[in-house]
Every structure is written in C-alpha cells, then in structure tokens.
Amino acid sequence: MSALPPSRRSFVRCAAVLGAGLALDACSGSHPAPPPYTGELRTVALAAALENQAVNAYRSVQAALRSGRLGPAVPALDAFVRTAMDHHAQHAVTWNAILRDARRPAVTGTPLAGHARLMDAIGAATSVAGIVAVVQRLENQAAQTHLAAAGSLAGPGPSVLAAATIAPVEAMHAAALGYVLSGRSAVGGFLGTAAAVPVTELTA
C-alpha cells in the first residue's frame with residue numbers, strides 16, 4: 001500500500017474517527033426524545049396528570065380509612081372518597097380525550113415532580129383530620145390549576161370548556177372536605193389561582 005502524504009493521512013484518520021463517533025452517537029440514542037406535549041397541550045397534560053394523581057391519592061386515603069390505622073371507620077367520608085375518586089377518573093378521561101384528538105399520547109400515570117411528596121404525606125398521616133387536610137390541599141390546587149387554565153388557554157374550545165366545568169367540581173370537593181375539618185366552607189373560596197400548579201411540575 002502506497003504511503004499517503006502526512007497531511008492526507010491525518011485527514012483520512014480524522015474522518016474515520018469522526019465517522020465512528022457519529023455512528024456511535026446515532027446508535028446510543030443520546031439525543032433525548034422531544035417532549036410529547038408542547039404549547040397548550042402541556043397544560044392539558046398537566047391537568048390529566050393531576051386527575052390521575054387525585055385518583056391515586058384517594059385510593060390511598062380509602063385504604064388508610066379502611067385499615068383502621070386512623071381510628072374508627074367514618075362511613076360518610078368513605079362514601080365521599082369513592083365519589084370524588086370517580087369524578088377524578090372521569091375528568092382524566094375528558095383531558096385525555098383532548099390529547100388523543102390532538103394526536104398526542106394519553107397521560108396514564110402521574111408524571112408530576114411533587115407526586116412522591118404527596119403520597120408520603122398521605123402515608124404519614126396519623127389521623128382522619130390529617131389525611132383529609134392533605135387531600136383538601138390537593139383539591140384546592142386542582143381547582144385553582146383548572147381555573148388558571150380556563151383563563152390562559154385559547155378559547156372557545158374543548159380545553160377551555162373542560163377547565164371551566166371541572167374547576168368548580170374540584171372546589172366543591174375541597175369545600176366538602178373543609179366541612180369535615182372545621183364546618184361549612186365556601187366553594188368560591190377555593191376558586192382563586194394563587195395555588196395553581198405550574199406546568200413546570202409536569203415531568204412528561
């Protein structure tokens with residue numbers, strides 16, 4: 001084999017190394033996949049994730065109430081938990097239908113930065129009042145997140161309609177839980193936006 005001039009030999013070596021590097025990079029999949037939700041769909045996905053989170057939270061509350069570790073059974077609270085859990089499951093279906101219509105994947109889990117903290121708080125509760133306070137904060141955040149979405153999403157459209165109709169339901173949940181804690185609560189008191197969960201909480 002004829003010897004290449006030094007400059008040309010260096011060029012060939014560099015090209016080979018560069019080609020191998022590019023091939024390895026392509027195979028390694030080091031480039032992160034783009035997020036499945038962009039623009040206003042991130043708000044919709046956040047809403048779906050919050051609904052899934054609420055279902056999970058109430059499921060844990062139900063298990064705690066029925067285990068007896070929080071004291072004697074409270075049938076009315078158990079019935080409320082079942083109803084609220086069903087509402088949140090329906091709300092998740094509504095939000096996910098919007099995502100599917102936009103050809104985006106449904107949110108089936110709880111891709112939220114604070115989800116583990118919430119579940120830890122439910123698990124650490126030692127009384128009915130303590131666990132109710134945790135889910136009331138969750139409902140308050142959900143109501144205010146949806147209300148904020150109703151004001152920020154472009155409308156009229158299914159997202160705005162969903163946000164505007166779901167927010168009052170979450171506020172009613174929060175008010176019902178407030179009754180358990182300290183008596184009658186005004187539903188409107190849970191319809192601000194200061195406690196809205198930012199879209200940056202979504203990890204999907």
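Thr145 touches Leu46, Leu50, Ala196 and Val197, when residues up to four places away in sequence are not counted. This residue belongs to helix H5, which covers residues 128-152. Thr145 is buried, with a relative accessible area of 7%. The structure described here is a predicted model.

**Helix H2**

Helix H2 comprises 28 residues, numbered 40-67. At 1.5 Å a residue, a helix with this number of residues should span 40 Å, and the end C-alpha atoms of H2 are 41 Å apart, so the two values agree. H2 is mostly covered, since 20 of its 28 residues are buried. After the helix comes Gly68, which has a positive phi, near 90°.

Leaving aside neighbours within four places in sequence, Ala48 is in contact with Ala92, Trp95, Asn96 and Val107. The C-alpha atoms of Ala48 and Thr110 are separated by 8.5 Å, although these residues stand 62 residues apart along the chain.

**The aromatic pair**

How many aromatic pairs does a search of the whole structure find? The search finds one. It is formed by Tyr58 and Phe80, and its geometry is edge-to-face, with 6.3 Å centre to centre and 70° between the planes. Because Tyr58 lies in helix H2 and Phe80 in helix H3 (residues 75-101), the pair ties together parts that are 22 residues apart in sequence.

| Residue | State | Relative accessible area |
|---|---|---|
| Ala48 | buried | 0% |
| Tyr58 | buried | 0% |
| Phe80 | buried | 17% |
| Thr145 | buried | 7% |

Phe80 counts as buried because its relative accessible area of 17% falls under the 20% cut-off.

**The nonpolar cores**

The largest nonpolar core has 23 residues, and those with the most contacts inside it are Tyr58, Leu77, Ile122 and Ile131. At least two residues of this core are supplied by each of H2, H3, helix H4 (115-124) and H5. Which helix provides the largest share of this core? That share, seven residues, comes from H2.

A second, separate core has 22 residues, including Leu46, Ala47, Ala149 and Ala162. Leu46 is also one of the residues that Thr145 touches.

Definitions and conventions
Residues numbered from 1 in each chain as written. Predicted model: local features only at pLDDT ≥ 70, side-chain atom pairs only at ≥ 80, totals over all residues. Heavy atoms only, no water. Helix = DSSP H or I, 4+ residues; strand = E, 2+ residues; numbered from the N terminus. Expected span 1.5 Å × (residues − 1). Buried < 20%, exposed > 50% of the residue type's maximum accessible area, 1.4 Å probe, protein only. Contact = heavy atoms within 4.5 Å. Phe/Tyr/Trp six-rings, centres within 6.5 Å; stacked < 30°, edge-to-face > 60°. Core = buried A, V, L, I, M, F, W, Y, C linked by side-chain atoms within 4.5 Å.
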